[in-house]
Amino acid sequence: MLIESFIEETNRSGTPEEVFSLYERALGDLGFDRVMYSALADHPAYDSVGSPAVMRNYPDDWVKYYVAKNYIELDPVRTYCLGTNRPFTWQDMMGRTKLSRGQRAVMDEGLEAGLRDGLAVPLHGPYGEVMGVGMASSFGGTEPERRLGFIHALTVQFHSAYTALALPMLSDAPTVRLTAREIEILKWAAAGKSNGVIADILGISEHGVDFHMRNILAKLKADSRLTAVVKGYRLRLISI
């Protein structure tokens, strides 16, 4: 599925469950048939930090075992999400982090339960909340490190569309106002242009582009250019 099609379909969805179903299908097309969407730190509406997921299709047996063993407290993927805003593979996380025996057990037993090629996408919100999406393949062979950028874009859109329907009181659509110059810069960012290239195209300084991009990120409550572009599409500030 193209990101443009995913944005359009999820924007037309009428329920959070429909958004999640579209997300499942998009990830499934990439070989990731298991996904868990969780609240990892205090969220203004989800009282679910103490439970594994808001939405999921992980194996029931694994989830029951995970809860019984209190792996919520041990899971290194959840902990790592709290300290980064970038997507990561589980393999890379394990290479960068010294895991305790208990944390290693979580990862090893997850693999035994059929969770292969895992990766995670942290989602840090404007109110201090942190949501996270973990996903894996039952079959393997998905090369997750090659798909991080695309999956990040899918996940940002999924989260935005899901939240708009599940928590409309937190929707940021009515309050976002970008200037004509900011919209112009966001369009070029969506086309994959760097700040330096955008500066050359618009005939302004790179410092000026940096200034406008910081304003765009702040207005859209985005933690990266990618998040800003996806939100710009979702809020129809720029066109696909």
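Me: What makes helix 3 and helix 7 count as meeting, and which residues are involved?

Reply: In this predicted model, Trp62, Tyr65 and Tyr66 in helix 3 meet Val106, Glu109 and Gly110 in helix 7, where contact means heavy atoms within 4.5 Å. The helices themselves (H or I, at least four residues) and the strands (E, at least two) are DSSP runs, numbered from the N terminus. As the model is predicted, local features need pLDDT of at least 70 and side-chain atom pairs count only at pLDDT 80 or more, while totals for chains, interfaces and linings use all residues. Residues are numbered from 1 along each chain as its sequence is written, and side-chain values use heavy atoms, with hydrogens and water left out.

Me: Why are helix 3 and helix 7 called roughly antiparallel?

Reply: Helix 3 (residues 60-68) and helix 7 (residues 101-112) pack at an angle of about 165°, with their axes 11 Å apart. Axes are lines fitted to C-alpha atoms, for helices over the stretch in contact, and angles run from 0 to 180 degrees between N-to-C directions. Angles under 35 degrees count as roughly parallel, over 145 as roughly antiparallel, 65 to 115 as roughly perpendicular and the rest as oblique, and therefore helix 3 and helix 7 are roughly antiparallel to each other.

Me: Where is Leu82, and why is Leu82 called partly exposed?

Reply: Leu82 belongs to helix 5 (residues 76-82). Buried means under 20% relative accessible area, exposed over 50%, and partly exposed in between (1.4 Å probe, protein chains only), so Leu82, at 42% relative accessibility, counts as partly exposed. Leaving aside residues up to four places away in sequence, Leu82 touches Leu40, Ala41, His124 and Val130.

Me: What is the phi of Asn70, and why is Asn70 called partly exposed?

Reply: Phi of Asn70 is near 55°, a positive value in a residue other than glycine. Most residues other than glycine have a negative phi. Asn70 is found in the loop between helix 3 and helix 4 (71-74), and because its relative accessibility is 44%, Asn70 counts as partly exposed. Glu143, in the loop between strand 5 and helix 8, has a positive phi near 50°, and at 39% relative accessibility Glu143 also counts as partly exposed.

Me: How do you know that strand 4 and strand 5 pair?

Reply: Two strands pair if DSSP finds at least two bridges between them, and strand 4 (residues 116-124) and strand 5 (residues 130-137) pair in the antiparallel sense over seven bridges. The bridge partner of Arg116 is Ser137 in strand 5. The open sheet has five strands in the order 2-1-5-4-3.

Me: What makes a set of residues a nonpolar core, and which members touch the most others in the largest one?

Reply: A nonpolar core is a set of buried Ala, Val, Leu, Ile, Met, Phe, Trp, Tyr and Cys residues joined through side-chain atoms within 4.5 Å. The largest has 49 residues, of which Tyr23, Met135, Phe158 and Leu220 touch the most other members. Helix 8 (residues 148-166) gives the most to this core, with eight residues.
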